[in-house]
Amino acid sequence: MIVARTGNEAMAEAMRQINPDVVAAYPITPATEIVQLFAKFVNDGLVDTEFVPVESEHSACSACCGASASGARVMTSTASQGLALMHEILFIAAGLRLPITICLVNRSLSSPINIHCDHSDTMASRDAGWLQIYTENAQEAYDTTIQLVKMAEQALLPGIVSTDAFIISHGMERVELIDDKEVPKFLGERKVNYSLLDVDNPITLGPLDLQDYFFEHKRSEIDAMDNVLPIIEKVQKEFGDKFGRYYPIVDEYKLDDAEVAILVMGSTGGTAKVAVERMREKGKKVGLIRARVYRPFPKDAMTKALSKVKVIGVMDRSDTMSTLGGHLYNDARSILYKSDNQPLMKNYIYGLGGRDISIEEIEAIYEQLFDIQKSGEVDKDVVYFGVRGE
Amino acid sequence: MAKLKELAAQKERFVGGHRACAGCGASIIARQVLMAAENPVVVGASTGCLEVFSTIYPYSAWNVPYIHNAFENVAATMAGVEAAYRALKKKGKIKKDLRFIAFGGDGGTYDIGIQALSGMIERRHRVLYVCYNNEAYMNTGIQRSSATPRGAHTTTSPAGKVIPGKLQFRKNLTEIVIAHEPAYAAQATLGYWNDLVTKVRKALDAEGPSFLNISAPCRLGWAYAPEKTVKVSKMAVESCIWPLYEYQDGKYRITIKPKEKKPITEFLKMQGRFAHLFKWKDDVPIKEFQEEVDFIWNRLLKRSEAL
């Protein structure tokens, strides 16, 4: 069925069709709608879910842990400060290997307080041991929400699927919905090896773990992250085979014959694809790489993509506050350290706090990348694009 | 009323061999609470003494399903467990009638965990929340909490030369919980085991959230000989410093009324944490402590008689 939906509505629809056992959530702009719509589904009897309208995001994540440890299929939704408040529990959920899915809307972290898009919230949680998938539009957000539940449960790792605040969350788009009956069929029942509710086989979860065992347990969690990419690929393929929409780990666009390319995440991928088309009409060989799966970082696929061109402009919607530029830039540079083909690279930090990025601005970035190609030199590694006084 | 013989014949749900201090009140409470439960239970614990001494990997003292999440969130964690139970029971995936118990110390309950506790009760999760109240952050080495009595020496309210220990009175958490209108709330202590067991059963039978604030003498933080735990616990009741009462259906009931109300000095002198008060330049700290205890006790008498 083809419908018009905002990103938030599309994610809420996915949650309705998934029909999780437990949703524990706390509203926060710009993700509030997801929680509101879901509460309405509950009260209209469209889902069987036990909805726990908690008193904070900290309790949302905590309740999700308890529910997931009890064998339930569990989801929540948040953004920005809400994710920051969950921060402590994010690590615990991952360490206890509890599948939980967060429908997240990327919003900048305070201060200054702001409700619009950047990626500082999820980037601050990138080392928590959660899968992270950034989407380009409402369709991808809807599809990925369904996929992520399956990936998380198979890998026994929690995961975040995110959209860009307002740009996707509140932008109305054409979305193709899957038939209600097909989603539960695609997901199947959650398979549970250990549950707190199995009183005949009691388990102790979350014991104190000191020098003699902690490292092994942490290592096994890292192992899970090391081995999750094939699971992600498998679920994406199953989804594509069944519903006709295939998603890559790393989204390459017109890259094979490109001389220069930009690397982006989220909705800017869509904007940049239009810029690529316009540049190509002018005969300029430009391409695009969009990081869809960010955690785990897809080293091989990303190295392959980056190695195809001579100059890369990495567009980060967050800064590491380390004087080293953005997160994606640092990851991209790091994986190329041992590569035979090292493209020139420049980091563009852009769009913080929802500052708009236009097609024309991205075209201007492409022009700068051609200048770098010509001169063979990067004048300045990290620039702040679209900010006053720069 | 529980019979000791019957309780003793039960399979232990909280077993020995754990790493609690000799004379630890919290471990006695965990055992008594689980003995009282007549249905299968799932237990959660907040970070704190009980969590640390009962579960050092690969050992566990728990013969029941157990989860520890973090310090401030046992109420939210168990709310999630209970929500999952309702969801899975509705779908026929769980058949048994289970009960849910959250354990938190006074740090995890009175202070850092009060928000999650309030939320759990307000949303009416059928969980019994047990605060094993040893009146300070004992796990991290005896720091003051809002449950620490006035005058007590702790490492962050030390008995100094100009300030005699903690200056503030205890927060009355039981009354804060009662203001939420839980299905059942009570204060108990390990020295009155039958009173405690009865209250656990009432709490688990109550259809809704329930709360037990259980005084847990700590031989280390309260500074007394380990064999005195039960005596100290009883003296807290006899001096009315720790009244044993319950609240259900809008009614207060004092469950153990001391025959003769002892002065608080009888309780204070048993413990090193109050030793400095007896050497203080005046009797103001003890006098004010006594006044606070009398005020709360008299108010409780009125409330229990009024109904």
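**Note on the contacts between and within the chains**

1. The contact between the two chains draws on 43 residues from chain B and 43 residues from chain A. This is a predicted model, and every remark below should be read with that in mind. The size of an interface is often given as the accessible area lost when the parts come together. For chain B and chain A this buried area is about 3300 Å², with carbon and sulfur atoms giving 61% of it.

2. Charged and polar pairs also cross between the chains. Six salt bridges are counted between chain B and chain A, and one salt bridge joins Arg123(B) to Glu55(A), whose closest N and O atoms are 2.9 Å apart. Across the same interface of chain B and chain A, 17 residue pairs are found in polar contact, both residues of each pair being at pLDDT 80 or more. On the side of chain B that touches chain A, two or more residues come from each of these elements of chain B: strand 1 (41–45), helix 3 (49–54), strand 2 (66–68), helix 4 (74–90) and helix 6 (114–122). The largest share of that side is supplied by helix 4 of chain B, which gives eleven residues. Sorted by class, the side of chain B that touches chain A holds 24 nonpolar, eleven polar and eight charged residues.

3. Which strand of chain B does strand 9 of chain A pair with? Strand 9 of chain A, residues 204–205, pairs with strand 2 of chain B in the parallel sense, over two bridges. Within this pairing, Thr204(A) stands opposite Tyr66(B), a residue of strand 2 of chain B.

4. Strand 8 of chain B pairs with strand 7 of chain B, residues 244–248, in the antiparallel sense over five bridges, and among the residues involved, Tyr247(B) has Tyr252(B) in strand 8 of chain B as its bridge partner.

5. Chain A can also be looked at by itself, being divided into domain 1 (2–242) and domain 2 (250–385). The contact between these domains takes 28 residues from domain 1 of chain A and 23 residues from domain 2 of chain A. The centres of the two domains, taken over C-alpha atoms, are separated by 28 Å. About 2000 Å² is buried between domain 1 and domain 2 of chain A, and carbon and sulfur atoms give 55% of that area.

6. Five salt bridges are counted between domain 1 and domain 2 of chain A, and Asp127(A) forms a salt bridge with Arg295(A), where the closest N and O atoms are 3.6 Å apart. Between the two domains of chain A, 17 residue pairs are in polar contact, with both residues at pLDDT 80 or more. The side of domain 1 that touches domain 2 receives at least two residues from each of helix 5 (120–123), strand 6 (131–134), helix 6 (138–155) and helix 9 (229–243) of chain A. Strand 6 of chain A gives the most to this side of domain 1, with four residues, and the residues of this side divide into twelve nonpolar, ten polar and six charged.

7. Some details of the backbone of chain A deserve a check by eye. Most residues other than glycine have a negative phi, and most peptide bonds are trans. Thr29(A) and Pro30(A), however, are joined by a cis peptide bond with omega about 0 degrees, and Pro30(A) lies in the loop between strand 2 (22–24) and helix 2 (32–43) of chain A. The peptide bond from Ser111(A) to Pro112(A) is also cis, with omega near 0 degrees, and Pro112(A) lies in the loop between strand 5 (101–106) and helix 5 of chain A. Ser80(A), a residue other than glycine, has a positive phi near 45 degrees, and Ser80(A) is found in helix 4 of chain A, residues 80–95.

Conventions: Residues numbered from 1 in each chain as written. Chains lettered and ligands numbered in written order. Predicted model: local features only at pLDDT ≥ 70, side-chain atom pairs only at ≥ 80, totals over all residues. Heavy atoms only, no water. Domains from an automatic or database assignment. Contact = heavy atoms within 4.5 Å. Buried area = accessible area lost by both parts, 1.4 Å probe. Salt bridge = Lys/Arg side-chain N within 4 Å of Asp/Glu carboxyl O. Polar contact = N/O pair within 3.5 Å; in protein donor to acceptor, adjacent residues only side chain to side chain. Nonpolar A, V, L, I, M, F, W, Y, C, P; charged D, E, K, R; others polar. Pairing = 2+ DSSP bridges.
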